[in-house]
Amino acid sequence: MKRRHLVLVALSLLAAPLAHAQETEIESVILDQIEAFRADDFAAAFDHASPGIKQLFGTPERFGRMVRQGYPMVHRPAEVDFLGTRDAGNTRKQRVTMRDSGGAIHILEYDMIERDGRWRIDGVRLIEAPEVGA
């Protein structure tokens, strides 16, 4: 029993750096895409999308139009903060807060998948922010 406990502790210590590295990589992909949106470089932003998202929108221009119209806080955020990731089977979920140009705070959840050794964005969902002071 004691040996099994030591093995579990050792495995958890080895897994922590890997999880941190994944989180850092995921944050980098999201920030790179946001920087591409800020520059209106929709081809570069589209490059961070998963194959399924690319198939759904077909072109970087259509993808960019959807983001500008449906997710303006992602297109031009004033501030971005990462809240952490969680495992969800074959995806990682990354929560992000974004402050838009008007000062409103939005919470988004990114679905991240790993393809060809790179993390790709497989979807973004706007999460209802709790009412503050209500």
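Tutor: Start with Phe63, which counts as buried because its relative accessibility is 6%, buried being under 20% relative accessible area, exposed over 50% and partly exposed in between (1.4 Å probe, protein chains only). This is a predicted model, in which local features need pLDDT of at least 70, side-chain atom pairs count only at pLDDT 80 or more, and totals for chains, interfaces and linings use all residues. Residues are numbered from 1 along each chain as its sequence is written, and side-chain values use heavy atoms, with hydrogens and water left out.

Now the rings. The whole structure holds four aromatic pairs; rings of Phe, Tyr and Trp (its six-membered ring) pair if their centres lie within 6.5 Å, and planes under 30 degrees apart count as stacked, over 60 as edge-to-face and the rest as tilted. Phe63 and Phe37 make a tilted pair, with 5.9 Å centre to centre and 35° between the planes. This pair links distant parts of the chain, since Phe37 is in helix H1 and Phe63 in helix H4, 26 residues apart. Helices (H or I, at least four residues) and strands (E, at least two) are DSSP runs, numbered from the N terminus. Both partners, Phe37 and Phe63, are buried. Phe63 also forms an edge-to-face pair with Phe57, at 5.8 Å centre to centre and 65° between the planes. Phe57 has a relative accessible area of 16% and is therefore buried. One aromatic cluster takes in Phe37, Phe42, Phe46, Phe57 and Phe63.

On a 1 Å grid over the protein atoms alone, a pocket is an open set of points where a 1.4 Å probe fits, with protein on both sides within 12 Å along at least five of seven lines; lining residues have an atom within 4 Å of a point. The volume of the largest pocket is about 220 Å³, taken as the space filled by probe spheres set on the points.

Helix H1 (2-38), helix H3 (51-57), helix H4 (60-70) and strand E4 (118-127) each give at least two residues to the lining. E4 supplies the largest share, four residues. By class, the lining has 13 nonpolar, two polar and one charged residues; Ala, Val, Leu, Ile, Met, Phe, Trp, Tyr, Cys and Pro count as nonpolar, Asp, Glu, Lys and Arg as charged, and the others, Gly among them, as polar.
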